[in-house]
Amino acid sequence: FAFSLVFSVFTAMTAFLLYFGNFITPLYMYYYGKFVGVVAALLVFVQWAPQIWVTWRTKEVGALSLSSLLLQTPGSFLVVGFQLSSNSDWTTWAPYGVAGLQQGVLVGILLYFKYGKKEEEGKRE
């Protein structure tokens with residue numbers, strides 16, 4: 001949490017200085033945008049990976065909302081589709097793609113543990 005907060009403040013301050021400073025050039029902004037996009041994709045991966053791991057390891061749905069994930073997952077891919085159709089750089093849509101993939105994996109795990117597991121237990125009896 002602390003790393004994300006410090007990084008967010010640093011990123012906002014850097015963007016402010018680049019935009020309002022006298023040393024801004026399009027090349028600086030281009031590379032800065034790529035850097036922020038890559039870091040965002042990495043942070044999104046770090047955000048969902050522990051949840052996937054814990055859910056898989058405990059084999060429990062817990063407090064996760066399947067309906068919420070079923071709304072978020074296609075939404076992520078809609079954003080990716082829009083960004084691709086507008087010829088945006090890959091660093092713009094990569095965080096949404098990473099989030100959508102990980103949310104899709106989590107949805108699959110939740111569906112399996114919620115419905116597939118019951119079906120297997122019913123066959124054993």
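**Around Leu 110: a short briefing**

Leaving aside neighbours within four places in sequence, Leu 110 touches Thr 55, Val 61, Leu 64, Leu 66 and Leu 69, where contact means heavy atoms within 4.5 Å. This is a predicted model, in which local features need pLDDT of at least 70 and side-chain atom pairs count only at pLDDT 80 or more, while totals for chains, interfaces and linings use all residues. Residues are numbered from 1 along each chain as its sequence is written, and side-chain values use heavy atoms, with hydrogens and water left out.

- Leu 110 lies in helix 4; helices here are DSSP runs of H or I with at least four residues, numbered from the N terminus.
- With a relative accessibility of 1%, Leu 110 is buried; buried means under 20% relative accessible area, exposed over 50%, and partly exposed in between, using a 1.4 Å probe and protein chains only.
- Leu 110 and Leu 66 are 44 residues apart along the chain, and 7.1 Å separates their C-alpha atoms.
- Both belong to the largest nonpolar core, which has 11 residues, including Val 44, Trp 48, Ala 99 and Phe 113. Such a core is a set of buried Ala, Val, Leu, Ile, Met, Phe, Trp, Tyr and Cys residues joined through side-chain atoms within 4.5 Å.
- Helix 2, helix 3 and helix 4 each supply at least two residues of this core, and helix 4 gives the most, with six.
- Ala 99 is in contact with Val 44, Trp 48 and Ser 76, once neighbours within four places in sequence are set aside.
- In soluble globular proteins, nonpolar side chains tend to be buried together.

**Helix 2**

- Helix 2 has 33 residues and spans 49 Å from its first C-alpha to its last, close to the expected 48 Å; that expectation is 1.5 Å times one less than the number of residues.
- Among the buried residues of helix 2 are Tyr 32, Gly 37, Val 39, Ala 41 and Thr 55.
- Just after helix 2, Lys 59 has a positive phi of about 55°.

**The salt bridge**

- How many salt bridges does a search of the whole structure find? It finds one, a salt bridge being a side-chain nitrogen of Lys or Arg within 4 Å of a carboxyl oxygen of Asp or Glu.
- The side chains of Asp 89 and Lys 34 form this pair, at 2.9 Å from N to O. Asp 89 sits in the loop between helix 3 and helix 4 and Lys 34 in helix 2, so the pair ties together parts 55 residues apart in sequence.
- Asp 89 is partly exposed at 29% relative accessibility, whereas Lys 34 is buried at 18%.
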